[in-house]
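Welcome, and thanks for taking a look at this one with me. Here are some notes to read alongside the picture.

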Amino acid sequence: MHRGDVSLEEEVTKRETLIRGGLSYHDVTEAVCKMPETPFLKSPKGWLIGFTISASLMVMFFLSIVYLIWEGIGIWGNSSPVFWAWDIVNFVFWVGIGHAGTLISAILYLFRQKWRTSINRYAEAMTIFAVICALIFPGIHVGRIWVVYYFFPLPNQMDMWPNFRSPLLWDMFAVGTYFIVSLHFWYVGLIPDLATLRDRVKSKTAKMWYGLFSLGWRGSMRHWLHYERAYLLLAALSTPLVLSVHSVVSFDFAIAQLPGWHTTIFPPYFVAGAVFSGFAMVQTLMLPARKWLGLKDIVTIKHIENMNKIILVTGSMVGYAYGIEFFMAWYSGNEYESFTFINRAFGPYAWAYWTMVSCNVLTPQLFWFKRLRTSITASFILAIFVNIGMWFERFVIIVTSLNRDFLPSSWHYFSPRIWEPIFLLGSFGLFFTLFLLFVRYLPVIAMAEVKGIMPHGDDHHA
Amino acid sequence: MKMLTLLIVAAAGFGFWVLGFSSDPTRSMYGYLFGFVSALTIPLGCMFFVLIQHLTRAGWSVLTRRVAEFGMAVVPIFAVLFIPIVVFGHDLFPWSHTGHLDETLIKKAPYLNMSFFVIRAVIYFAIWTGIGVWFYRKSVEQDLGGRFELTKTMGKVGTFSIILLALSTSFASFDWLMSLQPHWYSTVFGVYFFAGCFLAGLAFMSLMLMRSTVPVTAEHYQDLGKLLFGFTMFWAYIGFSQFMIYWYANIPEETEFYLHRLEHGWSPVSYALIVTNFFIPFFLIMSRHAKRNKSVFAAGCIWIMLAHFVDIYWLVMPTSGAHHWQDYLVFDVAVLIGFVALFLAAVAWVMKGISMVPKGDPRLPESIAFENY
């Protein structure tokens, strides 16, 4: 879409107004609070339909987990030598999705990217829900679920400790820390907006809940000072977390001696891939939501274009990593290394490999074209491709490296059973259920922050 | 410093190095490679900085950009300085000993051979000269005023330039540093080298700005300091990841890199790097006050620059296999001084008669008025 109202001089000297449509502070509040203030019985039909579907999928997910615990992980197709398959693919996929939220709320904050204010709340919520989905998979993929508390280093009379040199334990700490810090960050950001809702809602119960969670916020100068300080500190703490979490997840693979897993570029490459997939998911959810919630003037084409640029940058980094890995597999002179990569590209899973390459390397390159990165339809379609590609990336890494291991007699083509797709779909159900509840009851835009970047907030505004 | 002084220093540095060269050419060539790569990382870092500013349409950094442009515009001199490395390549790179190669190196020969090595170097220098000189010229052209479309053009050319720059820098680090131990490989090596380049570029820019007349304020230093701080962590993160992954899997052909750096007196250097290149700069420039205080920040930049040179030394020198590498340390330092002085002399030459500020840049007012919040 061409924004014809911008001249060359204006484009290079001025910063584009981020909030369009001449909205006033009050208009922003009204637009954002409309949904949380709608009584439940008057919920929009679309929301009800969406919620019914996703909640059903979520219930299916939980029932499948019960069945899994009852029957054992034999219901999946995992078998020697592919002991890790969709369970860990889904885990890594969901952890990755979460990264966009933290990048937007922490790193873009430190980089003073004001446009983040229109999308950070949304993306942070997505982070938390994605991490919830992610944490379920390692929890249920263990064979003996009744001793799953062994994950935690709990003092006990048997002196039994988890292996501190095991990356699975590091995962627990890394993802756990990430979840706790992200949750705090999200909640601290929510406080002023919850207070706004508390002051506006009519229903007594709603007032009680919003009041409880807004922690007595009155918007005084002192409150704001503390708030800003807390926000900066949380941003500074979250920034290394963006890198550490997925780096630790990559260690699950990289520290093993398996060709295809064991390579030093994994930590930064996983981080780039995580941000890449996270932004694609933000686009996937944001594009329909801004339409249905009437937020087109707050989340504008400019925001969409910026997110697409990040998808392009991180997608190119992922492409760089694919290329370097391939080159180094040859350069190493190690026949096992080169075999793994040739097997990936031309072996039995070539279809998955080329799906991954086309979705993750070729798709984002289309965003070089301004016409495409400012088109809503193109952004949506390409974001879906990236989502698919990033799921396949984890599949390719995990399954293709395992299925032809060092012992040719044990080579085995892994195929999922009916249960794997059910678990994946079910996790989407959980994700969307949480997300729809968020959209319904909480302010989806950080109102206070958006107001801070509107022209009225600027001293120089005429 | 005046250009002439710098040239004299450079001549002295190289002259002293020649003394070492006359007694042990092979050992001295490692020193030459060290000095060459160390100095080259500065213009490469500047190049990354300038391209990123154009691509992100940054406003805050306009005042600081010209010094980086001077730094990158002189990159062609390194193409000339590379010639001795080609001539004495046989002393440096074990893969060049055709006829005495083991099975693995024969497999690698299609990539690791002298002619392809030279062709690649020519390509790298062509890319760097193209980027360095073109962006410098366009920026100077804009000084004449009013040419806003140049900002857009530089943004557009920046797109594919940064891809070429990223690839060429990575492969140059594979060729000139990684292949010194030709059996060893690491996919993240290019990223590690990039982190070092960026640190060198930022430290150079900050120090140049302090000595210049550019009206930068504590706000700009704070921002440059934030980047230095962030990339100090990034360097440590990449270095740690590489070490961690190789240490844990403990595969001999991969741990070889670290084993070389734990013998012949290298282990103190290896352990010291963690402190000198991470902990000290981390605490030195973490505080907002440190970044805004010119003297403290200058100390931080000088420290980071020197620590970065030690890092490059640590990458190059253990591969020489010399048991008493310390004996030639003084020549290594001399040749480094020679390279840096020559680089600075070239910068001084380029600077002549050119504005220290991109005064035609449409975002200059934004940069002048810039404040952290």
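This is a predicted model: local features need pLDDT of at least 70, side-chain atom pairs count only at pLDDT 80 or more; totals for chains, interfaces and linings use all residues.

1. Let's begin with chain A. Its secondary structure consists of 16 helices and zero strands. The radius of gyration is 23 Å, close to the 23 Å that the globule rule gives for 462 residues, so chain A is as compact as a globular protein of that length. Along the principal axes, the C-alpha atoms of chain A fill a box of roughly 75 × 60 × 40 Å.

2. How much of chain A is buried? Of its 462 residues, 56% count as buried. Turning to contacts in chain A with a separation of 6 or more, 81% of them are accounted for by residues 24 or more positions apart.

3. For 373 residues, a compact globule would have a radius of gyration near 21 Å, and chain B agrees, with 21 Å. Its C-alpha atoms fill a box of roughly 60 × 40 × 40 Å along the principal axes. In chain B, 60% of the 373 residues count as buried. Residues 24 or more positions apart make up 81% of the chain B contacts that have a separation of 6 or more.

4. Now for the helix pairs. Two packed helices are described by the angle between their axes and the distance between the axes. In chain A, helix α5 (residues 120-140) and helix α6 (residues 167-200) have axes that come within 10 Å and cross at roughly 150 degrees. The angle is over 145 degrees, which makes α5(A) roughly antiparallel to α6(A). The crossing of α5(A) past α6(A) is left-handed.

5. Which residues make this contact of α5(A) with α6(A)? On the α5(A) side they include Arg121(A), Glu124(A), Ile128(A), Val131(A) and Leu135(A). On the α6(A) side, Tyr178(A), Phe179(A), Phe185(A), Trp186(A) and Asp193(A) are among them. By class, the contact has twelve nonpolar, three polar and three charged residues.

6. Helix α6(A) also meets helix α8 (residues 221-254) of chain A: their axes come within 9 Å and cross at roughly 155 degrees. That makes α6(A) roughly antiparallel to α8(A). The two helices cross in a left-handed way. Their contact brings together 21 nonpolar, four polar and two charged residues.

7. A further pair in chain A is helix α9 (residues 266-292) with helix α14 (residues 376-403), whose axes come within 9 Å and cross at roughly 145 degrees. Here, too, α9(A) passes α14(A) in a left-handed crossing. The residues of this contact are 16 nonpolar, six polar and three charged.

8. Finally, have a look at Thr263(A), in the loop between α8 and α9 of chain A. Is Thr263(A) buried or exposed? Its relative accessibility is 10%, so Thr263(A) counts as buried. Leaving aside neighbours within four places in sequence, Thr263(A) is in contact with Ala254(A) and Glu325(A), and also with Thr187(B) and Ile245(B).

Key:
Residues are numbered from 1 along each chain as its sequence is written. Chains are lettered from A and ligands numbered from 1 in the order in which they are written. Side-chain values use heavy atoms; hydrogens and water are left out. Axes are lines fitted to C-alpha atoms, for helices over the stretch in contact, and angles run from 0 to 180 degrees between N-to-C directions. Helices (H or I, at least four residues) and strands (E, at least two) are DSSP runs, numbered from the N terminus. Angles under 35 degrees count as roughly parallel, over 145 as roughly antiparallel, 65 to 115 as roughly perpendicular and the rest as oblique. A crossing is left-handed if the near helix is turned anticlockwise from the far one by less than a right angle, and right-handed if clockwise. Contact means heavy atoms within 4.5 Å. Ala, Val, Leu, Ile, Met, Phe, Trp, Tyr, Cys and Pro count as nonpolar, Asp, Glu, Lys and Arg as charged, and the others, Gly among them, as polar. The radius of gyration is taken over C-alpha atoms; the globule rule is 2.2 Å times the number of residues to the power 0.38. Buried means under 20% relative accessible area, exposed over 50%, partly exposed in between (1.4 Å probe, protein chains only).
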